[in-house]
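Welcome! Please take a look at the sequence and the 3D structure below before reading on.

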Amino acid sequence: MMTTEEMYEFDLNGYIVYRNVLSPEEIDKINTIIDSAEAGGKRKFSFFHLDPYFLDLMAHPQTLAVLKVMLGDWLRFDHAFGMEMSNTSRIPEDLHAGPLQEQLAFFYQWSQNQMRNGLVKVIYALNDVNPGDGGFICVPGSHKANVKYMPKPDFPLVVNPTLKAGDMLIFTEALVHGSKPWKAEQRRRVLIYSYAPGCLVWMNNDWCEPYRSLASTPVQKELLRPPHVGYCDQNFDISDGRFPRASIRSSVPFPKDEVVHSREVEDVYKKTRHSARLLLNGLQELRKLIFSS
Ligand SMILES: O=C(O)CCC(=O)C(=O)O
């Protein structure tokens with residue numbers, strides 16, 4: 001969930017910081033995995049395949065509770081990558097994204113007393129970001145901009161949020177954002193997870209395919225499902241020729257366990273209905289035999 005103050009802040013700025021989401025032990029663990037696989041060292045790097053822990057992090061309960069407010073009950077995971085910068089990296093300053101970009105995958109809207117987002121990104125900071133260090137920058141409020149204009153990174157309204165290692169920054173891709181070269185002695189390393197409403201995909205969904213079989217919890221499985229309107233899944237049955245009912249999966253998937261329950265109930269219901277049909281057919285055959293003899 002998000003408090004009213006948090007919603008107000010996110011609505012005003014287009015991003016929000018949650019403090020101390022990852023413990024020092026978790027940060028050590030992440031860095032050890034990345035270092036031992038020699039996966040870091042690049043401006044953008046892949047890490048998701050390195051350890052099942054990264055699937056657990058995808059389904060972090062505190063993060064999901066916030067994302068449910070931003071993306072609705074059927075949210076899905078889209079893709080993830082890491083970023084690393086040192087003060088010798090040659091990283092061009094950049095600002096990009098903004099409202100209604102990327103074939104409308106980036107949007108922010110508030111209607112019917114509810115926040116609605118397209119793609120949303122979660123940045124886990126693995127080191128402190130002090131004022132002026134560089135890294136993530138954005139133009140607060142630009143997710144609601146009405147004038148088509150892409151400011152330069154030295155635009156006076158650009159901010160470079162300060163973070164502590166373990167903090168989580170969530171932003172809507174409708175926000176104009178980007179990077180500034182890194183100035184601090186200590187290198188910058190972040191993990192970035194992207195999420196979307198259930199029916200929206202940004203990254204080609206083949207990206208998620210290798211991880212589906214590795215998902216170890218119902219919530220992880222739900223997050224990795226291909227994009228579609230949440231309740232319309234493969235259980236959608238039109239074999240009886242009737243117009244499909246959109247209530248086949250009526251309960252929302254997570255973070256509660258109810259989806260497992262509803263799927264099990266649905267499976268039992270289908271099997272029972274099938275057996276009942278077979279029994280009925282058998283009885284009719286029997287009846288024919290009795291009355292024709
Ligand atoms: O954190 C950064 O340096 C920039 C991240 C970014 O631009 C993005 O994920 O689209």
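What follows is a short tour from the overall fold to the strands, the core and the ligand.

This is a predicted model, in which local features need pLDDT of at least 70 and side-chain atom pairs count only at pLDDT 80 or more, while totals for chains, interfaces and linings use all residues. Residues are numbered from 1 along each chain as its sequence is written.

**Overall fold.** The protein has seven helices and eleven strands; these are DSSP runs numbered from the N terminus, with helices being H or I of at least four residues and strands E of at least two. Of the 293 residues, 31% are buried, a term for residues with 20 or more other C-beta atoms within 10 Å of their own, C-beta atoms being placed from the backbone. Contacts are residue pairs whose C-beta atoms, placed from the backbone, lie within 7 Å. Among contacts between residues at least 6 apart in sequence, 79% join residues at least 24 apart.

**Strands.** Two strands pair if DSSP finds at least two bridges between them. Six strands form an open sheet in the order S1-S9-S7-S11-S3-S2, with antiparallel pairing. Strand S1 (15-18) and strand S2 (44-45) are at the edges with a single partner strand each, so one side of each has no neighbour in the sheet. Two antiparallel pairs are listed here.

| Pair | Residues | Bridges |
|---|---|---|
| S5 and S6 | 108-111 and 114-117 | four |
| S1 and S9 | S9: 168-172 | four |

In the second pair, tyrosine 15 stands opposite phenylalanine 171 in S9. In the first, serine 111 has glutamine 114 in S6 as its bridge partner. Two residues lie between the strands of the S5 and S6 hairpin, where glutamine 112 takes a positive phi near 50 degrees.

**Core.** In soluble globular proteins, nonpolar side chains tend to be buried together. The largest nonpolar core here has 57 residues, and Met58, Ile123, Tyr124, Leu169, Ile170 and Tyr195 have the most contacts inside it. Such a core is a set of buried Ala, Val, Leu, Ile, Met, Phe, Trp, Tyr and Cys residues joined through C-beta atoms within 7 Å. Not counting residues up to four places away in sequence, tyrosine 195 touches residues including Leu67, Arg76 and Val120.

**Ligand.** Which residues surround the ligand? They are Met83, Lys121, Ile123, Gly135, Phe136, His177, Gly178, Ser179, Val190 and Ile192, where being near means a C-beta atom, placed from the backbone, within 6 Å. S10 gives the most to this shell, with three residues.

Methods. Buried ≥ 20, exposed ≤ 12 C-beta atoms within 10 Å, placed from the backbone. Contact = placed C-beta atoms within 7 Å.
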